Amino acid sequence: MSANSRLTITAHALTWIGLYQRRGHEVATSEQIATSVNTNPVVIRRLLAELRKAGLVDSQRGAGWMLVRDLAAITLLDVYQAIEPGPVFALHRATPDPECVVGHGIGPAMAAVYEEVEAALRGELAKTTLEDVLRDVLKAA
């Protein structure tokens, strides 16, 4: 099972757009962003379409993408909720055997753990803005 990189790719794209705009450019193309991320522009367009629905970016037809809010006003939680609206973990797709002691109790036991993990994840993501990410990126440069 591989790790999900959508949050990282999306944060990368948004941070890149924010820096690009600060350098005097109004909009950024999917191709430009994709070059920085090292992915296909279609991947970027799909992610940015989700972010547009969430009110984080907007686009000008044929021109490119722009942030709707400043980097300091966008948290990693905002980004996460825009691209991963469901829970981090799920229970079984099919109901386990209720006659089995483990099958009967696994759902409630795991659900309690998952609720705590989800709350901790959301809390941590809410603490970091894309401005914080850009600051750390520029420090590392």
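Colleague: Where is Asn 38 placed?

Modeller: This is a predicted model, and in it Asn 38 sits in the loop between α2 and α3.

Colleague: Is Asn 38 buried or exposed?

Modeller: A residue counts as exposed when its relative accessibility is over 50%. Asn 38 has 71%, so it is exposed.

Colleague: How far apart are Asn 38 and Ile 9 in sequence and in space?

Modeller: In sequence they are 29 residues apart; from C-alpha to C-alpha the distance is 9.7 Å.

Colleague: What about the interior? Which residues have the most contacts inside the largest nonpolar core?

Modeller: The general idea is that nonpolar side chains in soluble globular proteins tend to be buried together. Here the largest nonpolar core has 29 residues, and Leu 14, Ile 33, Leu 48, Leu 51 and Leu 130 have the most contacts inside it. Two or more residues come from each of α1 (6-22), α2 (30-37), α3 (41-53), β2 (64-67), α4 (76-83) and α6 (130-140).

Colleague: Which residues does Leu 14 touch?

Modeller: Leaving out residues up to four places away in sequence, Leu 14 touches Leu 48, Leu 51, Val 57, Leu 67, Leu 71, Val 79 and Leu 130.

Colleague: How much space lies in the largest pocket, and which residues are closest to its centre?

Modeller: The largest pocket holds about 310 Å³ of space. It is lined by 12 residues, of which Asn 4, Tyr 80, Glu 84, Val 88 and Leu 121 are the closest to its centre. The elements giving two or more residues to this lining are α1 and α5 (101-126).

Colleague: What classes of residue make up the lining of the largest pocket?

Modeller: The lining has 8 nonpolar, 2 polar and 2 charged residues.

How values were computed:
Residues numbered from 1 in each chain as written. Predicted model: local features only at pLDDT ≥ 70, side-chain atom pairs only at ≥ 80, totals over all residues. Heavy atoms only, no water. Core = buried A, V, L, I, M, F, W, Y, C linked by side-chain atoms within 4.5 Å. Buried < 20%, exposed > 50% of the residue type's maximum accessible area, 1.4 Å probe, protein only. Helix = DSSP H or I, 4+ residues; strand = E, 2+ residues; numbered from the N terminus. Contact = heavy atoms within 4.5 Å. 1 Å grid on protein atoms, 1.4 Å probe; cavity = no way out; pocket = protein on both sides within 12 Å on 5 of 7 lines; lining within 4 Å. Points joined across faces, edges and corners; volume = space filled by probe spheres on them. Nonpolar A, V, L, I, M, F, W, Y, C, P; charged D, E, K, R; others polar.
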